[in-house]
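I opened my notebook and went through one structure, entry by entry. Here is what I looked up.

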Amino acid sequence: MNIHEFQAKELMRQYGVPVPAGGVAHSVEQAEAVAEELGVSRFVVKAQIHAGGRGKAGGVRLAHTVEEVHAATDEMIGRPLITAQTGPQGQRVQRVLIEQAVDIAREAYFGLVIDRASQRITIIACDGGGVEIEETARKEPARILREAVDPAVGLLDFQCRKVAAHLGLGGKQLPAAVKLMKALYRCFRDNDAVLIEVNPLAVTLDGQLLALDAKMQFDDNAIYRRPHVSNLRDFDEEDPKEVEAGAHGLNYIALEGNVGCIVNGAGLAMATMDAIALHGGRPANFLDVGGGASPEKVTNAFRIVLLDKNVKAVLVNIFAGINRCDWVAEGIVRAMRELKVKVPVVVRLAGTNVEQGRAVLAQSGLKFLTANNLDAAAAMAVRATSGASAHEHIY
Ligand code: GDP
Ligand code: MN
């Protein structure tokens with residue numbers, strides 16, 4: 001789960017991370033009020049969307065007066081912001097963060113991630129931060145320092161000093177840098193984060209260290225024990241189909257193609273998507289119904305897949321171990337009836353109760369395309385998207 005910059009900064013502030021003074025606004029009136037309350041002579045107006053790359057896309061603006069804050073807010077709120085990370089349709093801006101602008105002497109990058117290889121929270125630091133970080137990482141990888149933290153002892157001072165030295169932070173900035181890194185580490189660990197990114201970590205002209213941007217991601221499997229984090233969820237930033245699927249215990253990821261996929265198991269789902277691609281098609285989604293899928297769950301899976309109007313055919317690929325093909329078949333039949341499915345449906349069933357499953361389909365009197373293996377099923381589904389399929393196997 002992702003949260004907004006203003007939420008991440010609020011969380012970080014609670015851990016003692018220095019962040020600029022500011023406040024969030026949902027309207028131009030609120031933006032003016034926040035600016036007046038700040039009572040400073042320079043402001044930054046920042047579009048609050050989960051995607052990054054806002055600076056280059058006009059989503060971060062400097063303002064010198066309350067009127068300019070008003071104007072910048074007016075241009076952002078209610079409109080889509082298209083950044084390198086949003087896709088071409090952009091993401092609608094619902095709120096902005098108004099902050100006191102600071103004079104930046106230098107921008108560094110500071111991140112915390114979970115490194116799966118070492119199984120440790122790992123610092124990623126680069127002395128050159130800011131909007132060109134991707135470019136820097138690609139061209140000058142040696143400027144990026146990684147420092148893994150031993151979970152038994154936590155982040156130690158010497159490690160912070162090593163990272164600070166790499167970032168060129170010495171003198172009176174050194175203790176501030178150590179304090180900031182430890183605070184971010186605690187913020188990461190205490191909240192079950194999987195990512196913290198402070199880019200830029202700014203050194204101001206008067207020598208202060210400041211988290212000028214803040215991104216946080218959390219472990220979805222730990223959210224249940226962090227209600228203060230789950231309260232920060234913004235459903236407007238998520239695909240509504242993915243939200244609904246989550247509520248039904250389905251793993252659904254929306255994609256760009258036109259073959260709807262209903263599969264059990266993430267590995268089989270990946271293989272199914274590959275097979276579709278191999279036959280020249282493109283999957284419309286990734287959907288894993290999991291093990292022990294009830295007929296209701298399969299019906300819900302159909303409903304969610306068919307919410308995507310790009311779907312021109314559905315491929316059901318079940319390799320039943322814990323699952324039962326008859327339950328899956330019942331779910332398919334129910335979905336076809338309740339949802340009045342118009343697109344061709346290709347079904348490939350294998351494993352537990354496969355004969356009973358096929359019987360359920362056959363006795364339904366409905367039309368399906370069926371195949372006995374994944375390759376044939378994928379080919380059939382891709383062909384069906386072009387409307388070219390006569391119903392090859394009709395029960
Ligand atoms: P991102 O592009 O979505 O990562 O948004 P950021 O919050 O990182 O802002 C982009 C850039 O705007 C930063 O790298 C800074 O260079 C600049 N910026 C942000 N806040 C300030 C500020 O208070 N003063 C100045 N001078 N620049 C700022
Ligand atoms: Mn940034």
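**Overall build.** I counted elements first: the chain has 13 helices and 18 strands. Helices here are DSSP runs of H or I with at least four residues, strands are runs of E with at least two, and both are numbered from the N terminus. This is a predicted model, where local features need pLDDT of at least 70, side-chain atom pairs count only at pLDDT 80 or more, and totals for chains, interfaces and linings use all residues. Residues are numbered from 1 along each chain as its sequence is written, chains are lettered from A and ligands numbered from 1 in the order in which they are written, and side-chain values use heavy atoms, with hydrogens and water left out.

I then took the dimensions. Along the principal axes, the C-alpha atoms fill a box of roughly 80 × 50 × 40 Å. The chain has 395 residues, and 49% of them are buried. Buried means under 20% relative accessible area, exposed means over 50%, and partly exposed lies in between (1.4 Å probe, protein chains only).

I also checked contacts, meaning heavy atoms within 4.5 Å. Of the contacts in the chain with a separation of 6 or more, 69% are between residues 24 or more positions apart.

**The metal site.** Which residues coordinate the manganese ion (ligand 2)? I found Asn199 through O and Asp213 through OD, at 2.2 Å. Asn199 sits in strand β10 (residues 193-204), while Asp213 is in the loop between β11 (209-211) and β12 (215-218). The two are 14 residues apart. Both are buried. I noted the donor rule too: N, O and S atoms count within 2.8 Å of the metal (3.2 Å for Na, K and Ca), and water is not among the atoms, so sites may look incomplete.

**A cis bond.** I stayed with Asn199 and looked at its backbone. A cis peptide bond joins Asn199 and Pro200, with omega at about 10°. Pro200 also lies in strand β10. For background, most peptide bonds are trans, and most residues other than glycine have a negative phi.

**Positive phi.** I looked up two residues with that second rule in mind. Lys340 is not a glycine, yet its phi is positive, about 45°. Lys340 is in the loop between α11 (325-338) and β17 (345-351). Is Lys340 buried or exposed? Lys340 counts as exposed because its relative accessibility is 57%.

Asn353 is not a glycine either, and its phi is about 60°. Its place is the loop between β17 and α12 (354-363). Asn353 has 23% relative accessibility, so it counts as partly exposed.

**The cores.** A nonpolar core is a set of buried Ala, Val, Leu, Ile, Met, Phe, Trp, Tyr and Cys residues joined through side-chain atoms within 4.5 Å. The largest one has 42 residues, and Met12, Met181, Leu184, Ile196 and Met216 touch the most other members. Among the elements that give two or more residues to this core are α1 (5-14), α6 (173-190), β10, β11 and β12. Which element gives the most? It is α6, with 9 residues. A second, separate core has 34 residues, including Leu250, Ile262, Ile318 and Val328.

**Met12 and Ala214.** I listed the contacts of Met12, leaving aside neighbours within four places in sequence. They are Val17, Leu184, Cys187, Ile196, Val198, Ala214 and Met216. I followed Ala214 next. Ala214 lies in the loop between β11 and β12. Ala214 counts as buried because its relative accessibility is 4%. With neighbours within four places again left aside, Ala214 is in contact with Glu5, Ala8, Lys9, Met12 and Glu197. Ala214 and Leu11 are 203 residues apart in sequence, but their C-alpha atoms are 10.0 Å apart.

Gly16 follows α1 and has a positive phi, near 90°.

**Two loops.** Pro88 is in the loop between β4 (80-81) and β5 (91-92). Pro88 is exposed because its relative accessible area is 74%. Gly128 is in the loop between β8 and α4 (133-139). Gly128 counts as buried because its relative accessibility is 13%. Not counting residues up to four places away in sequence, Gly128 touches Glu107, Ala108, Ile133, Thr136 and Arg143.
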